[in-house]
Amino acid sequence: MEPVIFEERADQIHRKGSAPFQIACNKESLAGAVSQRACVFCGSRVVLYPIADALHLVHGPIGCAAYTWDIRGALSSGPELHRLSFSTDLQEKDVIFGGEEKLYRALVELIDRHHPEAAFVYSTCIVGIIGDDLAGVCKKVSEEKGIPVIPVQSEGFKGNKRAGYNAACQAMFQLVGTGSTEGISPYSVNILGDFNLAGEIWIIQDYFRRIGIEVVANITGDGRVADIRRAHGAALNVVQCSGATMDLAKMMQERYGTPFVRVSYFGVEDMAESLYEVARFFKAPEIMSRTQNLVREELAVLYPQLQQYRRALRGKKAAIYVGGAFKAFSLIKAFRLLEMQVVLVGSQTGTTEDYRELAEICDDGTIIVDDTNPLELSSFLQEQEVDIFVGGVKERPIAYKLGVGFCDHNHERKEPLEGFVGMLNFAKEVYTSVMSPVWRFLPRHQQALVQGAAPVAEGSKS
Amino acid sequence: MSSLRPARKNAKPAPVPYVSTTNACKLCTPLGACLAFRGVEGAIPFLHGSQGCATYMRRYIISHFREPMDIASSSLGEKHAIYGGGPNLKQGLLNVLCKYNPQLITVATTCLTETIGDDVPRFVKEFQQEYAARGDATPLPPIVMVSSPSYQGTHMEGFHRAVRALVDQLAQAPASTAAVNLLPGLVSPADIRYLKEILGDFGLAGIILPDISETLDGPQEATYSKIPAGGTPLAQIAAMGGSQATIECGATLKGQDTAGQLLADRFGVKLFRIGLAIGLRETDLLFSLLEMLSGRETPRSHALERGRLLDAMVDGHKYVFGKRAVVYGEEDLVVGLTAFLAEIGVRPVLCASGGNTGRLKAAIAAVTADLLPEFPEVRGGVDFHDIAEEAQNLAPDLLIGHSKGYHLAKRWQIPLIRVGFPIHDRFGGQRLLHLGYRGAQQLLDRIINAILAKKQADSPIGYGYL
């Protein structure tokens, strides 16, 4: 068989134990390699999308808006404006004569119709090329309508998803600091980098409430413009998903002196440690003791329920390919808790530091990969004889065609995987896939399915 | 519950010329091109543009078909957008060639590369020359190109342009054959399998382009295929110019420069253009064509299916008569569905599409003229915001279309009969049958059962017989 790894990509793959750690990453995707990555626009869109009372207008031809219409299960407890897909649907004549007039009229029309608290206007590939003055139009509409109208510089080709995260953070930073911070508790946080998929941020909010901490702004799951405007009043930024909102945390630290901590809500260990870290920050004994109680209570419920899954899954092999590397750490720990072995781990946008840390916690023989593609994934999954693959929609058919179980840990999940209860849901989902009887019938497993049928009566004909 | 259903009003509001689009009822041009290209044997679709386009379209298509859908990309970055995407295109082609070993590479452009003015045919020509100069042992497969900027038309224009490009760039000077070219349009893998069965039963050698019956609905296999098996063989595409006739499906293709038209103009292949064979009479038209081209009568198994369909139409007529339906989706699909609804006594009240060929109304009139007491509202180039506003006054009982109209079904608490592409909220979209007597039968069953299910659910009595 031809090697599936491109020469140019060989340095983006590391096998733990085979050589000293070294990996190349944060590069442009290789042309023709069928990267699983998206683009700058995608990065901005996923971060800002859950802000539910803002208008999200995509300035460009229809595709960018169509493919991001309500694609994530980012839930809102109130308004649901984010679930609509707005576009200027640029046509050829707009490309030739410019799209500013259309953008202006579309913005006015949509703001009049929906009365949003703010509007985000996303730039797509061709907007920069045709030279539309996005900022100028936004400023004009903002003055006329009296709401923030914020350009998001998210031209698809101007980097990868990380650049899009940065553009989103720049856009949100224009809101931060414009609201009143009156009445905010000294024991308060902003939740950054949680997108409330399947209602996950509500689980986390509930934990914070139980330990006596006020949440000022959700950034951005179940997010509201007014909350983000007063986010600088919070005592601490609690940042999950290092790539997506870290830039905002850094900008807030620089301008408003808001410190931040990095956390993860996936898996028992990381979830507990996240709460402890926040509790330690506030140096209030009652918060710490409430946190200890909370963790104890949750574990007392969780552990007995986990046992049956653990028994069934012990020793099975898992592969992980996710967008951001932070999630991979938690997943490795979660699989450890289930006594499973991680044999492949990778991400679309990890940094050298991320991969180095991953290599440190992985077993020898584990493949670590940056910005991979279907050919490599299919080859690795076969080589490592994986039982379950954790990824997103684009990875699912690869697993299934290979007769490998799959767990969707991406934006389309409908069961919460964060928090203590999320660990249970995760175990259940892994179990549901790995233990299914369907795998044994697949041609890959090369088993004779049935014995030849024997007659029950011999009969008399020869 | 029923109060949620929009009431019928007589006053029709003045149409508002919207500028913005809300919840589009269409997809972008290159997506259609990629779907068509996936239906060629050994082909790998390739998008010349930024990485996101390929990834978004892959995700969208995978969610419907539940199959791998590799689309390569030239992954343009900022400097390429400024200095031109030629080098990346060439590198991408070379990489795809090395790793996928394709029989064909199909390059579709995107809005970015069209706007920066990349001359793809020139880049490809240069690539072919440079490759020849390398003296590599592996021969270069053909490369088919199509211009598909997303600011021109919808995914259907992309689809038809891609099919035309395949024929334009691959069909050769022909030896005459008795084969029949069948250009089915964008239909499901199940539809294509059924069309093959029909052609086979008539004893006709058919060339179906594109053929996604296996490539986008493949079996489990012992090994992983980089490019799924199936698809129209290249040799068959090359031979299309020699076929006795082309049947091109699409009621709104009238007057267009399509693959069928090209085969007629360049090779003198007789062109028959019919709508998608949905419902009784549109299917009759297809079968009468096949009778003529094959010189055979409709095989008994198909005549029986027609007979059973008629029998079912009688058995079910009272359940559906007078029900008011909103139909949306691709224009040709909408025409076919509307024809069938009219045949069974459902009242199409709004026929809508994001496509905007300007030919939708005439095409609907042609298939429903003698059946409908009142002509439906017909709207091309609309989004779901427009559809909702329009339907608000039409008191629909049913929605018929793809998954993206579900929010309206939920709001109005009426059934949505899922057809076409994409089906993102149900299982088995790739196996939905729309065409022919068999497809009509399944559609009829599904429509009636949706009505019965709602009636049963809404009733406090709990009838066990309906």
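In chain B of this predicted model, the axes of helix α12 (residues 300-320) and helix α17 (residues 436-458) come within 9 Å and cross at roughly 20 degrees. Axes here are lines fitted to C-alpha atoms, for helices over the stretch in contact, and angles run from 0 to 180 degrees between N-to-C directions. Helices (H or I, at least four residues) and strands (E, at least two) are DSSP runs, numbered from the N terminus.

Some reading notes: residues are numbered from 1 along each chain as its sequence is written, while chains are lettered from A and ligands numbered from 1 in the order in which they are written. As the model is predicted, local features need pLDDT of at least 70 and side-chain atom pairs count only at pLDDT 80 or more, whereas totals for chains, interfaces and linings use all residues.

**The helix pair in chain B**

- α12(B) and α17(B) are therefore roughly parallel to each other (angles under 35 degrees count as roughly parallel, over 145 as roughly antiparallel, 65 to 115 as roughly perpendicular and the rest as oblique).
- Among the residues that meet here are B:Leu309, B:Ala312 and B:Met313 in α12(B), and B:Leu444, B:Ile447 and B:Ile448 in α17(B); two residues are in contact if their C-beta atoms, placed from the backbone, lie within 7 Å.
- By class, this contact has 12 nonpolar, 3 polar and 4 charged residues (Ala, Val, Leu, Ile, Met, Phe, Trp, Tyr, Cys and Pro count as nonpolar, Asp, Glu, Lys and Arg as charged, and the others, Gly among them, as polar).

**Where chains A and B touch**

- Chain A brings 58 residues to the contact and chain B brings 54 residues.
- On the side of chain A that touches chain B, α4(A) gives the most, with 5 residues.
- That side of chain A divides into 35 nonpolar, 12 polar and 11 charged residues.
- β3(A) pairs with strand β1 (residues 21-22) of chain B in the antiparallel sense, over 2 bridges; strands pair if DSSP finds at least two bridges between them.
- A:Ser87 has B:Thr21 in β1(B) standing opposite.

**A sheet in chain A**

- An open sheet is formed by 4 strands with parallel pairing, in the order β7-β6-β8-β9 (chain A).
- Its edge strands are β7 (214-220) and β9 (260-262), each pairing on one side only.
- Neighbouring strands of the sheet are turned by 20 degrees against each other on average, direction ignored.
- Strand β8 (residues 236-239) of chain A and β9(A) pair in the parallel sense over 3 bridges, and A:Val239 has A:Arg262 in β9(A) as its bridge partner.
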